[in-house]
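Try each task before reading its solution.

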Amino acid sequence: MTKKPFFQIALACFLAGIISTISMFRIGLRFFADLVSPRAQEVVILIYFLAILLYIGIGIRRAMRLQDNAPLLLAFWQGALRYFIALDLCVFGIGKFFHIQFNTPLALLDNPFNTFSNDQLMWAFFGHVFAFPVIIGTMQIGGSLMLLFRKTRLVGAIFLLPILLNIFLLDFLYNDLGTTIYSGIEITALLYLILIDYTRLVKFFFIDSSNLPRFNFRNPLWKNTARCSVIIIPLLLMALNKFPQYYPEINGKYEVKSMVVNNIPQSQKPCADSVLTKVYLDKNDIVLEYGSYKRRFIGGYTFNEASKQLVATWRYPGNQHDTLFAKILPGKTADMKVLTGRMSKETFKIDMLRINNGD
C-alpha cells in the first residue's frame, strides 16, 4: 500500500472535525437546550474543535510515526467524515417526518403575505404540502445510508450533492449566514469525497466509450445546428413573448386617501365596502381593492409615459366589461399620486399614497 502524505490525512481530519463540530452543536441546540445551556454547549464544542486542531498539528504525525500505517489513518478519517455527514443529514431528514422542519405557526399564516421574512416565506411554502418535506427527508436519509457503505459511497456522494446545492441556495437566498456557511462546508466535504475517485470518474465520463447506438449526421454542420437550436429556439420564443412592463414612476401599492366620484366625495369608513381603498399597479396587472382582498377588480393595463395616460381592461370579475381611462398625475408630495379619469358613466378623482414601490 502506498504511503499517503500528511496533507491528505490532515485535510480529511479537518473536514471531519468541522462537520462533526457544527453537527453536534446543531443537535445540542435543538434537542438538549433544556438539559445543557447553549453557553455550556458552546464551551464544550469549542474545546472539542480545538482538540481536533491540536491533533492535526501534533497527533497525526505522531500516529504516522508510531503505527507506520498512513493509509489506514486516512481511511479512518475519511470514514469519520462520511459518518458525520450521514448523521447530520439523517437527523434533519428524519425530523422532517415529525414536523420539526417546515412547520409554520397557524397565527403566522394569517399575517399578510408581504410581512413574512425570507426564511418564514420559505418554510411556509415548502411546509404547505407535507409530502414535499417527506420526499426531501427520504432522499437525505437514502443518500446518507449510501455514504456509509464502501461500494455505494461514491453514488451516495453524487446523489447528495444536488440536494445540498439546493439547500445551500435556499439558505443563501432566504436564510441566515450561519446555515449558508455550514451548507457550503458540507458541499465542500462531499466534493472532497467525490474527487477521491477523480481518475475513476474521468475515465468513466470522458474516456470510456459508450455502448449506446450512435446516429451519425452526414454533414457536421447539421449536427452542430441541432445542438445550437436548444438555445436558439427558446431565444426566438422569448422574442415573440410579451414581457412584463415596469414603470418605476407609477408601480407600487397605493392607499386611497380620498376619492370623488361624479363630483361627490366618497366615505372612507371601514363599513363602506363599495368604496375603493387600495390600488395596485404591478408589472403585469392593475388591481382595484374595495375594502377587502375578496372584493377586487383585476386586469391588464397600458401606460403612456409621455401623456401619463393609463388604460385598463378587466378580466376579473367575469361580468366586469367596462374599460378604465385615466391619467396618473403627481400629488402634493413625492409619494402621492392623483388618479383621474372615468370608467363606465362615472368620473373620478382619487388621491392615493404609495406605501410600497413594488421592488
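**Exercise 1. Is cysteine 13 buried or exposed, going by its relative accessibility?**

Before starting, note that this is a predicted model, in which local features need pLDDT of at least 70 and side-chain atom pairs count only at pLDDT 80 or more, while totals for chains, interfaces and linings use all residues. Residues are numbered from 1 along each chain as its sequence is written, and side-chain values use heavy atoms, with hydrogens and water left out.

Step 1. Recall the cut-offs: buried means under 20% relative accessible area, exposed over 50%, and partly exposed in between (1.4 Å probe, protein chains only).

Step 2. Cysteine 13 has 0% relative accessibility, so it counts as buried. Cysteine 228, with a relative accessible area of 42%, is partly exposed.

Step 3. Now look for disulfides, that is, pairs of cysteine sulfur atoms within 2.5 Å. Searching the whole structure gives zero.

**Exercise 2. Describe the surroundings of serine 20.**

Step 1. Helices (H or I, at least four residues) and strands (E, at least two) are DSSP runs, numbered from the N terminus.

Step 2. Check accessibility: serine 20 is buried because its relative accessibility is 0%.

Step 3. Look for polar contacts, meaning pairs of N or O atoms within 3.5 Å; within protein, one must be able to donate a hydrogen and the other to accept it, and residues adjacent in sequence count only if both atoms are side-chain atoms. The serine 20 side chain reaches the backbone oxygen of alanine 16 at 2.8 Å and that of glycine 17 at 2.9 Å.

Step 4. List contacts (heavy atoms within 4.5 Å). Setting aside residues up to four places away in sequence, serine 20 touches Tyr48 and Phe84.

Step 5. Compare sequence with space: serine 20 and leucine 87 are 67 residues apart in sequence, yet their C-alpha atoms are 9.0 Å apart.

**Exercise 3. Check the span of helix α7 and find its kink.**

Step 1. The expected span is 1.5 Å times one less than the number of residues.

Step 2. In α7 a kink of about 30° lies at leucine 161, shortly before proline 162.

Step 3. See what is buried: the buried residues of α7 include Leu160, Leu161, Ile163 and Leu164, along with Arg153 and Asp171. Among the elements covering them are α3 (70–97), α6 (131–147) and α8 (177–195).

**Exercise 4. Which residues touch the most other members of the largest nonpolar core?**

Step 1. A nonpolar core is a set of buried Ala, Val, Leu, Ile, Met, Phe, Trp, Tyr and Cys residues joined through side-chain atoms within 4.5 Å.

Step 2. Out of 39 residues in the largest one, Ile19, Trp77, Leu81, Ile85 and Leu190 touch the most other members. At least two residues of this core come from each of α1, α2 (38–67), α3, α7 and α8, and α3 gives the largest share, nine residues.

Step 3. Apart from this core lies another, of 26 residues, including Val256, Val261, Leu276 and Tyr290.

**Exercise 5. Explore the contacts of glutamate 289.**

Step 1. Glutamate 289 sits in strand β4, residues 286–289, and is buried, at 5% relative accessibility.

Step 2. Its side chain makes a polar contact of 2.7 Å with the side chain of arginine 296. Beyond four places in sequence, glutamate 289 also has contacts that include Val275, Leu276, Tyr280 and Arg295.

Terms used. Bend = angle between axes of the 7 residues up to and from the residue.
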